[in-house]
Amino acid sequence: MAFIIFEHVTKKYGTFTALQDISLTFENGVYGLLAPNGVGKTTLMKMLATLLFPTSGAIRWDGRDILEMDEDYRGLLGYLPQEFGYYKNQTPRQFLRYIAALQRMEKNMRKRESTNCCNWWRCPG
């Protein structure tokens with residue numbers, strides 16, 4: 001079965017249609033979205049990351065609707081947008097622990113894994 005399927009996905013902002021009736025299937029692999037500016041690549045990626053929701057249609061992970069999967073889906077996903085925001089007063093270790101908490105990683109494991117990463121990369125803080 002395909003991992004990610006977009007089924008007749010449309011996204012509208014008021015009267016503007018950003019994406020209309022998109023159907024795509026992504027099997028296991030690496031993909032790139034190449035298209036001119038303004039055609040909906042960012043909108044598509046934000047819907048894939050559940051930062052935006054389709055006006056109509058569905059996005060499925062292994063046959064399950066990603067919106068119904070909720071946090072189970074987001075736990076599977078790694079997404080880094082082009083313009084990445086973070087708290088500028090955080091150390092790398094604090095940021096890793098914050099991200100781990102968002103993924104509901106157990107507190108002792110967050111501490112251990114963030115320390116391991118920071119030791120490996122020689123991060124400050």
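**Ground rules.** I am working from a predicted model, where local features need pLDDT of at least 70, side-chain atom pairs count only at pLDDT 80 or more, and totals for chains, interfaces and linings use all residues. Residues are numbered from 1 along each chain as its sequence is written, and side-chain values use heavy atoms, without hydrogens and water.

I looked up the second largest pocket and found a volume of about 410 Å³. A pocket here is an open set of points on a 1 Å grid over the protein atoms alone, where a 1.4 Å probe fits, with protein on both sides within 12 Å along at least five of seven lines; lining residues have an atom within 4 Å of a point. The volume is the space filled by probe spheres set on the points.

Of its 19 lining residues, Ile4, Phe26, Gly29, Tyr31 and Leu48 are the closest to the centre. Strand 1 (4-13) and helix 1 (41-48) each give two or more residues to the lining, and helix 1 has the largest share, with three. Helices (H or I, at least four residues) and strands (E, at least two) are DSSP runs, numbered from the N terminus.

**The angles.** Threonine 50 is not a glycine, yet has a positive phi of about 60°. I found threonine 50 in the loop between helix 1 and strand 3 (56-61).

Aspartate 62 sits in the loop between strand 3 and strand 4 (64-65).
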